[in-house]
Amino acid sequence: MAIAHGMGHSVKRKEDARFIRGKGTYIDDIKLSGMLYLDIVRSPYAHATIKAIHPEKALAIPGVLAVITGKDLEKYGLAWMPTLMSDKQMVLPVDTVLYQSQEVAAVLATERYIAADGVGAVEVEYEPLPVVVDPKKALEPGAPVLRQDRAQKNNHIWHWQVGDQAATDKAFQGADIKVKQDLYIPRIHVASIETCGCIAQWDPVDGKLTLWMTTQAPHAIRTVVALVAGHLGLAEHKIRVISPDIGGGFGGKVPVYPGYVLAVAASVLTGKPVKWIEDRMENLQADSFARDYHITAELAAKKDGTMTALRVKTLADHGAFDAAANPSKFPAGLFSICTGSYDFQSAFAEVDGVYTNKPPGGIAYRCSFRVTEASYMIERMADILAHELGVDPADFRMKNFIRPEAFPYKSPLGWTYDSGNYQAALKKAMDKIGYAALRKEQAEKRKKGELMGIGISSFTEIVGAGPSHTFDILGLKMFDSAEIRVHPTGKVIARFGTKSQGQGHETTYAQIIAHELGIPEDDIAVEEGDTDTAPYGLGTYASRSTPVAGAAGAMAARKIRDKARKIAAHLLEASEADLEWERGKFFVKGSPQRVKTIQEIAFAAYTNHPQGLEAGLEAISYYDPPNLTFPFGSYICVVDIDKGTGEVKIRRFVAVDDCGNIINPMIVDGQIHGGLTMGLAPALYEEISYDEDGNIRGGSFMDYLLPTAMETPRWELDKTVTPSPHHPLGAKGVGESATVGAPAAIANAVVDALWHLGVRHIDIPITPWKVWKALRAKGVTE
Amino acid sequence: MAHKIRVTINGTVHEADVEARLLLVHLLREVLNLTGTHIGCDTTNCGACTVLMDGRPVKSCTIFAVQADGRTLMTVEGLAKDGQLHPIQEGFHEKHGLQCGFCTPGMMITSCALLARNPNPSEEDIRWAISGNLCRCTGYVNIVEAVKYAAEKLRSQPAAAGGRS
């Protein structure tokens with residue numbers, strides 16, 4: 001018989017059944033009758049004027065139906081679309097391209113291969129223009145102004161600052177010790193194994209658009225489509241967005257890409273369903289990037305190693321349009337978490353956004369927006385300062401951590417951390433890895449000239465976007481939702497405003513409901529991703545599903561329990577106050593034999609409900625969280641470096657995470673394994689860079705290096721549990737912690753191995769070539 | 001010009017008239033509606049499209065359908081027999097070897113080929129065998145566990161041999 005496991009159990013995933021049989025339904029698995037295919041002509045130049053587009057040869061190919069250009073879209077007011085950052089972005093250019101692989105024209109055809117033939121046959125005449133790829137040069141006087149559509153005739157987008165500048169400057173003036181370091185966090189790409197795509201189906205009779213789409217936020221997309229295309233007669237009740245099974249998201253499936261808009265336009269134009277699926281190179285070369293932060297950071301400290309102040313100045317390269325998928329009210333997202341796990345007296349951070357001839361973005365790459373940048377910076381800086389002082393980096397952190405009794409802790413940059421115990425997490429990681437013995441081994445190896453390093457990262461995350469006072473998407477508050485319907489036989493359908501991309505919501509949400517109502521997980525179906533059926537929510541990203549929608553699930557279940565109590569009182573002829581709840585049943589206090597199970601109550605809700613109470617057993621909750629949640633952890637990485645080749649070998653990596661109360665330990669561990677691997681990736685392998693002409697390097701999986709099973713270490717996990725005081729289940733969210741925390745641990749380990757040689761910093765990705773060069777520069781030859 | 005091909009897939013013979021340029025993965029997905037085999041890149045790196053051809057794992061995005069003429073293929077849809085999951089499918093479920101599920105069919109097929117030639121692989125063997133298949137979700141830890149689970153199960157039930165195709 002099925003039982004209700006509830007929270008804290010490694011329930012095997014419900015969604016696996018279809019995936020292990022190859023029966024998932026991803027976007028490209030959907031085929032509709034009469035469906036057309038759309039493919040995109042892209043620019044070979046990073047900056048050029050379009051002199052002419054010649055579609056004739058493409059149109060001569062049997063099966064090619066249309067070639068759509070920016071001028072065509074302009075007639076309908078669709079050549080540009082708004083971004084979430086008060087900027088606008090070209091759907092198709094009317095006269096100028098601003099980055100390599102930018103969409104230039106769309107080909108519509110009866111078959112996929114014919115559409116590709118059409119793309120190859122469209123002839124475009126370009127006149128190349130000067131290219132700006134370096135954001136520093138983009139701000140120099142006389143730099144080519146990339147966005148001629150703006151009134152402002154330079155490449156500066158915005159300036160944002162936070163903190164007390166005067167107090168911070170003063171703290172630096174009087175400081176015993178100061179360190180300063182430039183850190184570049186390169187442009188990277190989430191590269192989910194499924195690329196993006198959609199099928200748009202316009203029904204000219206009903207005037208209804210159905211859009212199957214690889215989106216992490218289907219409801220927000222529906223509203224955006226209604227706002228953008230309202231002037232063409234698309235109203236929100238006539239738009240249905242369906243997010244089918246999603247093959248990984250990591251933030252890359254939050255934005256609206258031109259291909260989606262083109263497919264919708266093509267379907268409206270033809271009255272037929274239109275499919276657009278990007279290939280991998282299009283995905284890497286033109287979809288939203290992440291990171292690309294040029295940071296200069298400074299720390300001030302007392303002689304005894306107490307950090308007093310942090311000052312950070314950053315250039316943010318946003319590419320050609322400011323199209324960041326950033327739902328906060330701050331242009332640099334949550335970068336102001338950059339004081340990290342430490343108790344600073346003062347801090348000041350400023351960020352300037354800059355246009356360059358690169359694809360627009362950014363997105364978060366599996367973190368809350370700009371949190372990895374912040375965390376990497378403070379954890380690198382803490383290590384640099386500890387090394388400057390000649391203090392053990394673990395002791396240094398222990399000394400500077402926010403004390404457990406200081407929570408809720410108000411940071412100098414304005415956040416209120418909900419709960420934490422940083423000392424306990426670091427201590428646990430040190431014990432697990434055998435920190436003292438490793439330091440001893442390192443000292444012995446150093447005597448022999450061998451290079452071994454130990455790196456720590458004690459990060460604090462900020463997730464669960466978010467409280468409506470701090471977050472919105474085009475004004476939409478960032479609540480999320482759950483609707484629970486208990487059927488007469490006690491079985492449940494529950495629908496949520498989020499959308500899993502592999503996180504296992506069908507299982508964990510069922511566990512939350514099972515925990516609250518005592519109905520077995522097997523009796524609970526969870527659905528997401530269809531705007532015609534699910535309640536309105538803002539989607540899954542920034543580790544917000546458990547903190548926000550999970551909370552909504554608990555709150556909706558509690559509403560159902562409240563009604564169930566009334567029905568139970570009626571059935572048991574007792575007063576509500578005399579009833580006691582034990583998971584799955586109400587009984588009369590002192591008379592446990594007088595009991596009604598939740599299933600009996602559900603049946604009565606439809607067959608024998610009390611007078612004065614409506615029939616049925618359903619509830620809905622829209623949960624606007626009072627605060628964000630602040631997961632944290634301490635990671636320790638041990639590396640060995642080959643002096644001959646510069647290769648970095650990760651010998652061990654211990655990750656102690658604290659995500660509050662845990663719903664499903666198996667799934668949490670899986671999330672951490674994946675997050676760590678996406679932290680390893682930019683630390684050692686992944687980078688998208690550009691040559692001075694704006695040609696992309698890293699535009700295919702041939703040279704954009706995702707870690708394989710051979711590079712990925714066997715991660716060692718442990719945990720502490722510090723519940724969130726404001727979340728109804730005490731949970732905090734975990735999907736991204738490891739991506740945030742891991743890069744600094746790896747970089748710190750490498751520099752720890754090389755510090756005694758005089759190496760102070762190596763920018764990620766730390767390739768063998770960079771290490772080899774650093775070693776040779778310090779005279780290490782062997 | 002269309003070419004007539006005859007391919008045995010998961011025990012069923014299929015005949016089709018295909019263009020010379022049609023990729024095997026598109027034959028499977030578009031012509032035969034076997035959509036469990038996925039496409040994740042254009043450069044033979046990701047392995048989402050891996051199928052067994054005459055018992056060997058191949059990336060079906062880099063083989064033309066005409067090259068499969070006369071061959072025997074197995075795809076993810078052929079793993080379960082008579083409603084009974086293959087041990088590798090069980091392993092992925094039991095050990096949480098999948099998250100989004102997109103790389104999973106290719107991973108399982110590659111693992112089956114490994115277990116057919118090496119019934120008792122070490123962790124290193126497993127990691128090497130799946131290194132042509134990219135996963136972005138799991139960090140590979142539980143995929144390795146899933147393959148170990150399947151190896152053990154297959155060793156204890158030789159009848160369910162991993163090399164069947």
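In this predicted model, the largest nonpolar core holds 313 residues, and those with the most contacts inside it are Leu38(A), Val107(A), Ile513(A), Ile746(A) and Val750(A). Helix H18 of chain A, residues 737–754, gives the most to this core, with 12 residues. In soluble globular proteins, nonpolar side chains tend to be buried together.

Leu38(A) can be followed in detail. Leaving aside residues up to four places away in sequence, Leu38(A) touches Ala106(A), Leu108(A), Ala115(A), Leu262(A), Ala263(A), Ala266(A), Val274(A), Lys275(A) and Trp276(A).

Chain A is assigned three stretches of domain structure: domain 1 covers 31–129 + 196–277, domain 2 covers 289–394 + 418–464 + 629–777, and domain 3 covers 479–623. The centres of domain 2 of chain A and domain 3 of chain A, taken over C-alpha atoms, are 40 Å apart. Where these two domains meet, 19 residues of domain 2 of chain A are in contact with 17 residues of domain 3 of chain A.

The contact between the chains takes 43 residues from chain A and 39 residues from chain B. On the side of chain A that touches chain B, the elements giving two or more residues are helix H1 (16–19), helix H9 (280–286) and helix H17 (665–685) of chain A. The largest share of that side, 7 residues, comes from H17(A).

Technical notes:
Residues are numbered from 1 along each chain as its sequence is written. Chains are lettered from A and ligands numbered from 1 in the order in which they are written. This is a predicted model: local features need pLDDT of at least 70, side-chain atom pairs count only at pLDDT 80 or more; totals for chains, interfaces and linings use all residues. Domain bounds come from an automatic or database domain assignment. Two residues are in contact if their C-beta atoms, placed from the backbone, lie within 7 Å. Helices (H or I, at least four residues) and strands (E, at least two) are DSSP runs, numbered from the N terminus. A nonpolar core is a set of buried Ala, Val, Leu, Ile, Met, Phe, Trp, Tyr and Cys residues joined through C-beta atoms within 7 Å. A residue is buried if 20 or more other C-beta atoms lie within 10 Å of its own, exposed if 12 or fewer, and partly exposed in between; C-beta atoms are placed from the backbone.
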